[in-house]
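Student: I have a model open and want to learn how to read it. Where do we start?

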Amino acid sequence: MTTSRRLADRKVDRFDKKVTKRGAVGETSTRKGKDYPVGPLLLGFFIFVVIGSSLFQIIRTASSGGMA
């Protein structure tokens with residue numbers, strides 16, 4: 001068997017193995033438990049910025065006599 005034929009056969013074998021595995025989903029791809037898309041530190045920072053800016057706006061509006 002020539003080298004190119006061996007390489008072609010190896011390529012075909014790999015392809016055949018992948019074809020038989022299509023559609024089979026392993027257990028590792030399923031989520032386990034509650035997993036958030038963002039970390040708790042980033043979530044805390046976001047909440048701090050939103051609540052802090054709204055409090056700052058309320059204080060600024062109150063100190064200017066109610067007119068923005």
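Tutor: Start with the term helix. A helix here is a DSSP run of H or I, at least four residues long, and helices are numbered from the N terminus. Phe46, for instance, is found in helix 2, residues 40–63. Keep in mind that this is a predicted model.

Student: How many helices and strands does the protein chain have?

Tutor: Two helices and zero strands. Helix 1 spans residues 3–21, and Lys18 lies in it.

Student: How do I read burial, and what share of the 68 residues counts as buried?

Tutor: Buried means under 20% relative accessible area, and exposed means over 50%. In this protein chain, 0% of the 68 residues count as buried. The accessible surface comes to about 6,900 Å². Carbon and sulfur atoms hold 65% of that surface.

Student: Is Phe46 buried or exposed?

Tutor: Exposed, because its relative accessibility is 54% and the cut-off is over 50%. Phe46 also belongs to a nonpolar surface patch of about 1,200 Å². Other members include Val38, Leu42, Phe45, Ile51 and Ile58.

Student: What does the UniProt record say about residues 41–59?

Tutor: An annotation may be inferred rather than shown by experiment. Here the unreviewed UniProt entry annotates residues 41–59 as "transmembrane region". In the model, that span is 100% helix and 0% strand. Its end C-alpha atoms lie 26 Å apart.

Student: How many salt bridges does a search of the whole structure find?

Tutor: The test is a side-chain nitrogen of Lys or Arg within 4 Å of a carboxyl oxygen of Asp or Glu. The search finds one. Asp9 pairs with Arg5, and their closest N and O atoms are 3.5 Å apart.

Student: Where do Asp9 and Arg5 lie?

Tutor: Both are in helix 1. They are four residues apart, about one turn of the helix.

Student: And how accessible are Asp9 and Arg5?

Tutor: Asp9 has 24% relative accessibility, so Asp9 counts as partly exposed. Arg5 has 47%, so Arg5 is partly exposed too.

Notes:
Residues numbered from 1 in each chain as written. Predicted model: local features only at pLDDT ≥ 70, side-chain atom pairs only at ≥ 80, totals over all residues. Heavy atoms only, no water. Buried < 20%, exposed > 50% of the residue type's maximum accessible area, 1.4 Å probe, protein only. Areas by Shrake-Rupley, 256 points an atom, 1.4 Å probe, with all protein chains shown as cover. Patch = residues over 30% accessible without salt bridge, like charges linked within 9 Å, V, L, I, M, F, W, Y side chains within 5 Å.
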